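I opened my notebook beside the model. These entries record what I looked up and what I found.

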Amino acid sequence: MKKYIIWVGITAFLIVGYLIIDSLLFTGIKPINVNQDGFRANYFAKENIKNRTTIVLIGGGEWGDYWAQEFAKKEMVGLSIPYTGKDGLPKLPEEIKLEYFENAIKWLKEQPEVDPSKILVMGASRNAELALILASTFTKSISGAVAYAPSAVSWSNTVLPYNSDELKASWKYKGLDIPYLPMTKIKGNKSKKIEMLDYWKAGLSKTDLVAQAGIKVENINGPILLFSGKNDNVWPSSLMADMIAQRLAANSFKHSFQNIKYDNAGHNISTNPAYNSIYRMGAIHIDGKSYEYEFGGTEEGDFQAKQDAKIKLMKFLAKI
């Protein structure tokens, strides 16, 4: 019995010691977990700040938490918001209701740390697609957008092989589909590798459908910042960034717009800038078989692009 008490005491001592050391060494901003008003998110803000620029990180996760933390360190506010894969959220990214994000923005506007006139959205890859859709939909609530490896159109659910086989919208609002470019699912082959770009470019070649599914970026009520790698082998993000630029020019977009493209960088420009992108290949499962695909760019090119993009992003936000 005495031995048991001693071990319990040692364990308690170690736990308390760890918590004390952790609190002393931790230099970041610990998030507040939000699970109310129909949405889930991690909220990052320093104490005793008021009316600050706020960035909503679409997709949440490690990526969203990293950026929300970085913004909070700069005395802004970050909201890292997932929308699939957690308890109470959809399992698949299809027919996602924009009301979910609308609720989050309404909640943000009530927080004293947030300037309700300076709420922006930011996303990477398909989350960049969603960020631009949100900013072009909620023009009275969202004051700008940042998109890494962006899309110029809204795609159907079937661009992801693990989604359901029935053709559906990826995003919905007020019960209606956000117009989308319908795609058949990507097909496998006899090799162990998939070339991704041909799939997306085939979709973008359908000009009538592209016109219907184009994101109405000209409606965004604030500045837009795009980053892409010229050697993106996952999808043609630089091409789609140029499509966005052309659409904005055609509609005489009145806010500032930057379309920043990097040589020797690929899709990994959208990953955490604190680390080298050492993984150069991804894996995709199609009809029970696993295929490799290239991210594009080089390790050095991706890292340099991510570091430069972070500097430009912080300058962009400082001007909001």
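Which residues does Glu102 touch, not counting residues up to four places away in sequence? I found Phe138 and Tyr173 on that list. Contact here means heavy atoms within 4.5 Å.

**Ground rules.** I noted that this is a predicted model, where local features need pLDDT of at least 70, side-chain atom pairs count only at pLDDT 80 or more, and totals for chains, interfaces and linings use all residues. Residues are numbered from 1 along each chain as its sequence is written, and side-chain values use heavy atoms, with hydrogens and water left out.

**Entry: Glu102.** I placed Glu102 in helix H3, residues 99–109. Helices (H or I, at least four residues) and strands (E, at least two) are DSSP runs, numbered from the N terminus. Glu102 is buried and has no salt bridge. Lys106 is the nearest side chain of opposite charge, 4.6 Å away. For charge, Lys and Arg count as positive, Asp and Glu as negative, and His and the chain ends are not counted. Buried means under 20% relative accessible area, exposed over 50%, and partly exposed in between (1.4 Å probe, protein chains only). A salt bridge is a side-chain nitrogen of Lys or Arg within 4 Å of a carboxyl oxygen of Asp or Glu.

**Entry: strand S6.** Why is S6 largely enclosed by the rest of the structure? I checked residues 114–124: eight of the 11 are buried, so the strand is largely enclosed. Next I looked for its partners. Two strands pair if DSSP finds at least two bridges between them. Strand S3 (residues 52–58) pairs with S6 in the parallel sense, over five bridges. S6 also pairs with strand S7 (residues 145–148), again in the parallel sense, over four bridges. I then followed Val121 of S6. Val121 is the bridge partner of Val56, and in S7 the bridge partner of Val121 is Ala145.

**Entry: a three-strand sheet.** I found an open sheet in the order S5-S8-S9, with mixed pairing. Its edge strands are S5 (96–97) and S9 (176–177), each pairing on one side only. S5 and S8 (residues 171–173) run parallel, joined by two bridges. Lys97 stands opposite Lys172 in S8.

**Entry: salt bridges.** How many salt bridges does the structure hold? I read off 14. I looked up three of them.

- Glu70 and Lys73 meet at 3.3 Å, N to O. Both lie in helix H2 (residues 61–73), three residues apart, about one turn of the helix. Glu70 is buried at 15% relative accessible area, whereas Lys73 is partly exposed at 37%.
- Asp242 and Lys261 have their closest N and O atoms 2.9 Å apart. Asp242 lies in helix H7 (residues 237–250) and Lys261 in strand S11 (residues 257–262), so the pair ties together parts that are 19 residues apart in sequence. Asp242 is partly exposed at 27%, and Lys261 is partly exposed at 31%.
- Lys312 and Asp308 meet at 2.7 Å, N to O. Both lie in helix H8 (residues 299–318), four residues apart, about one turn of the helix. Lys312 is partly exposed at 32%, and Asp308 is partly exposed at 26%.

Last, I noted one network: salt bridges that share partners join Lys46, Arg52 and Glu75.
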